[in-house]
Amino acid sequence: MHQQKRQPELVEGNLPVFVFPTELIFYADDQSTHKQVLTLYNPYEFALKFKVLCTTPNKYVVVDAAGAVKPQCCVDIVIRHRDVRSCHYGVIDKFRLQVSEQSQRKALGRKEVVATLLPSAKEQQKEEEEKRIKEHLTESLFFEQSLQPGISAIVSSQAIITIKFEFVFTSLALMKFN
């Protein structure tokens, strides 16, 4: 008996869409970030056509906003921010990549990519570093070496500060009386 290889029925909107990066950050003070690239991957055995939509098309230029991706290939989509003004700082815009089978009209899948314009790359890096340090300090666990081998106590950062403060305070008090 001869079995025919049949492609499964593709349901509208359920096909995973693979795009990198998933977020675009433009910096007003760094012109090299005003043009960025989205890469759309097609891991499937069939060709896809795509369309790029945007919530604020007047702020961006999308080079090749529609096209096709061959099976197991990828395409680069260039996005330029063309309205770099302070009134747009921090505003989150969205791009939607819709894909469909080459011969069909209905969208098989979609993926949204957020885009944000920030005033300064240096300012953003400083904020991220401060946030990282703060998270690291508040979430760290310190392990105290005990006098007995094999036993250790877990102490939070606040407890270490309290212990050190009490030790210094006690040491100063003892020195005062000697």
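Phe18, Phe20 and Tyr41 come together as a nonpolar patch on the surface, with about 330 Å² of accessible area between them. A patch here takes residues with over 30% relative accessible area and no salt bridge, joining nonpolar side chains (Val, Leu, Ile, Met, Phe, Trp, Tyr) within 5 Å and like charges within 9 Å. The areas come from the Shrake-Rupley method with a 1.4 Å probe, and for residues only the protein chains shown count as cover. A salt bridge, for its part, is a side-chain nitrogen of Lys or Arg within 4 Å of a carboxyl oxygen of Asp or Glu. Tyr41 sits in strand β3 (residues 35-42) and is partly exposed, at 38% relative accessible area.

A word on the model itself: it is predicted, so local features need pLDDT of at least 70 and side-chain atom pairs count only at pLDDT 80 or more, while totals for chains, interfaces and linings use all residues. Residues are numbered from 1 along each chain as its sequence is written, and side-chain values use heavy atoms, with hydrogens and water left out.

As for the overall layout, the chain has 2 helices and 11 strands, and along the sequence these follow the pattern β-β-β-β-β-β-β-β-β-α-β-β-α. Both kinds of element are DSSP runs numbered from the N terminus: helices are H or I with at least four residues, strands E with at least two. Of the 178 residues in the chain, 26% are buried. The cut-offs for that are under 20% relative accessible area for buried, over 50% for exposed, and partly exposed in between (1.4 Å probe, protein chains only).

Turning to pockets, the largest pocket has a volume of about 190 Å³. Its lining is made up of Lys49, Phe50, Lys51, Ala66, Gly67, Gln98, Val99, Ser100, Arg105 and Ala107. Strands β4 (48-54), β6 (66-69) and β8 (92-101) are the elements that give two or more residues to this lining. By type, the lining residues split into 4 nonpolar, 3 polar and 3 charged; Ala, Val, Leu, Ile, Met, Phe, Trp, Tyr, Cys and Pro count as nonpolar, Asp, Glu, Lys and Arg as charged, and the others, Gly among them, as polar. For the geometry, a pocket is an open set of points on a 1 Å grid over the protein atoms alone, with protein on both sides within 12 Å along at least five of seven lines, and lining residues have an atom within 4 Å of a point. Points are joined across faces, edges and corners, and the volume is the space filled by probe spheres set on them. Val99, one of the lining residues, belongs to strand β8 and is buried, at 2% relative accessible area. Its C-alpha atom is 9.4 Å from that of Pro16, 83 residues away along the chain.

Phe20 and Pro21 are joined by a cis peptide bond, with omega about -5 degrees, and Pro21 falls in the loop between β1 (18-20) and β2 (23-27). Asp64, in the loop between β5 (60-63) and β6, has a positive phi near 55 degrees despite not being glycine; this residue is exposed, at 54% relative accessibility. Gln72 also has a positive phi, near 50 degrees, and lies in the loop between β6 and β7, where Gln72 is partly exposed at 48%. Pro71 is found in the loop between β6 and β7 (73-81) and is partly exposed as well, at 31%. Pro71 and Glu45 are 26 residues apart in sequence, yet their C-alpha atoms are 5.2 Å apart in space.

Key:
On a 1 Å grid over the protein atoms alone, a cavity is a set of points where a 1.4 Å probe fits but cannot get out, and a pocket is an open set with protein on both sides within 12 Å along at least five of seven lines; lining residues have an atom within 4 Å of a point.
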